[in-house]
Amino acid sequence: MKNFKKSLNIALIILGGSASIVKADVKPNSLFGPNGVLQQGVEVPVWGTASIGEKVVVEFAGQKMQTVSTDGKWIVKLKPLKANSTPQEMVITGNNKVSIANILIGEVWLCSGQSNMGFPLRSIVPINGYPSLDKVLEDAVNYPLVRQFSIKVIKSTSTPAKIDDVNGKWNVCDPNTAKDFSAVAYFFGRDLFKKLQVPIGLINSSYGGTAIENWISKETLDSFPELNSIMVNYEKAMNQFPAKLKDFENAANQKYKVDSALAVQNKSGMPKRATPPMSPAERGGPSGLYNTMISPLIPYAFKGCLWYQGEANGSRGMQYRTLLPALINNWRTQWGMGDFPFVFIQIPGWKGHYPELREAQLLTWKNIKNTAMTVITDCDDSLDVHPGNKQPVGERALLQASALAYGGKAEYSGPVYESMKVEGDRVILSFTHLGSGLMVKGNELKDFVIAGEDQKFVPAKAEIKGKQVIVSAVGITNPKAVRMGWRLSPQVNLYNKEGLCAPAFRTDVR
């Protein structure tokens, strides 16, 4: 009997301990933190964690919603809210109470991609009369209703599993915090605020040097047989990496010993150790960033998405024809908000960006509804993979967003090739998005080439005739195809009179 009581007491202690471990305070997802912005005009999901079976009550803007935590998670949906720039408090009550201050209601945009989206405002290099960084930051004091939700990037050693919370933070725009805003998102958000006069929330989910497949769910990637090589190559690289790292370390250690001995002998500074190779999984690998930087944001309500990526896929343009639509459809399906506006920024004309990638972006715009493409080949005078003149990028992206999301009537794109007609030895090109008419910046149109039946392209003469462009070349008597800006560093100077540059194209799309 004595032993039985002793065993019973031990069991009760264990059970009591287990109960205390299982019990948890109610906690909202970090998206619902101080200084945040909620999307106006739609149902607003609010979610978080709590003890299993715990009653959770969410109070905000005169609404009171309640639910019961299931499997340690809870979610409620607030009825559509009206824009409000007066700070409000959200109160979430369970076994404990959480008060979240300074929440606004307005327009929220998800801003994602790689380094050119993550490119911070503090690093801009304005040209062509755009304001200096000092002027931009001085002006930032006027936009406290613009906020950015920042997500820290995390290095990985294997493909990361899905997580529930990115543990991000909302920051109110001022001359100090704005330095760390995405530059493209800042200029976009600032000008959207000027246009709508409502609070603007910018969710910055970007990671430099990342391929688009890192941002797509595994289920989506697996559904395209033509993308199988991505996972095959990744798994092969992962399997080979331990041996690669070991070989590097052996060689690096040996070199360091030799260089160190020479430094001692010569009484010079000690050498630096070589940087080890990066794991194929360091930046998430296929689906890794979807798991850690996109999935945890679902189903946060927003208006639309800005996407600035493609550099890491620069040599895989044909594959990008599948990948970019796959990402758009994947995100739209998972959010369940219909075909929300999706604006993607065409990669700049850097020397490593092949024209097939830009073509894949152009074809996606033409084929996927409620999307638009921001052309920026003329926004910088350098061939830097990270062009520093970001203000016109944000401004142009807002043109597209205005057309898709806010009923904007202004022309939002440069001239887009539509069709060709051959008349004798000339090709007549027709375009959409003419705006007020075609124009050339400079003395004559550049970067046109033409080919006959032999498909050997030669420099061509191109002239604007009304709403069309006439292209020809000496020696080409039976033209079959025309291309414009079809090279690594295009020098396109065909515009409409709204000052928007035409995207590069080829009439012989394969």
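**Close-up 1. Helices α4 and α10 cross with right-handed geometry.** The model shown here is predicted. Two packed helices are described by the angle between their axes and the distance between the axes. For α4 and α10 (residues 391–405), the angle is about 50° and the axes lie 8 Å apart. Angles under 35 degrees count as roughly parallel and 65 to 115 as roughly perpendicular. The α4 and α10 pair is therefore oblique.

**Close-up 2. Helix α4 spans residues 183–196 and is mostly covered.** The helix has 14 residues. From first C-alpha to last, α4 reaches 20 Å, close to the 20 Å expected at 1.5 Å a residue. Of its 14 residues, 11 are buried. Among them are the aromatic residues Y186, F187, F188 and F193. Just after the helix, Q197 takes a positive phi of about 60°.

**Close-up 3. Y143 and F193 form an aromatic pair.** The whole structure holds 17 aromatic pairs. In this one, the ring centres of Y143 and F193 are 6.1 Å apart. Their planes meet at 80°, so the pair is edge-to-face. Y143 sits in the loop between α3 (133–139) and β9 (146–150), while F193 belongs to helix α4. Y143 counts as buried because its relative accessibility is 7%, under the 20% cut-off. F193, at 11%, also counts as buried.

**Close-up 4. W307 and W331 pair edge-to-face.** Their ring centres lie 5.6 Å apart, with the planes at 90°. W307 is in strand β12 (residues 304–308). W331 is in helix α8 (residues 317–335), 24 residues away. This pair, too, links distant parts of the chain. Both W307 and W331 are buried.

**Close-up 5. Seven aromatic residues, W215, F302, W307, W331, W335, F340 and F342, form one cluster.** The cluster takes in W307 and W331, the edge-to-face pair of the previous view.

**Close-up 6. Lysines lie over the faces of aromatic rings.** K390 lies over the face of F119. Its distance from the ring centre of F119 is 4.8 Å. K441 lies over the face of Y495. Here the distance from the ring centre is 4.3 Å.

Note on methods
Residues are numbered from 1 along each chain as its sequence is written. This is a predicted model: local features need pLDDT of at least 70, side-chain atom pairs count only at pLDDT 80 or more; totals for chains, interfaces and linings use all residues. Side-chain values use heavy atoms; hydrogens and water are left out. Helices (H or I, at least four residues) and strands (E, at least two) are DSSP runs, numbered from the N terminus. The expected span of a helix is 1.5 Å times one less than its number of residues. Buried means under 20% relative accessible area, exposed over 50%, partly exposed in between (1.4 Å probe, protein chains only). Rings of Phe, Tyr and Trp (its six-membered ring) pair if their centres lie within 6.5 Å; planes under 30 degrees apart count as stacked, over 60 as edge-to-face and the rest as tilted. A charge sits over a ring if NZ of Lys or CZ of Arg is within 6 Å of the ring centre and within 35 degrees of the ring normal. Axes are lines fitted to C-alpha atoms, for helices over the stretch in contact, and angles run from 0 to 180 degrees between N-to-C directions. Angles under 35 degrees count as roughly parallel, over 145 as roughly antiparallel, 65 to 115 as roughly perpendicular and the rest as oblique. A crossing is left-handed if the near helix is turned anticlockwise from the far one by less than a right angle, and right-handed if clockwise.
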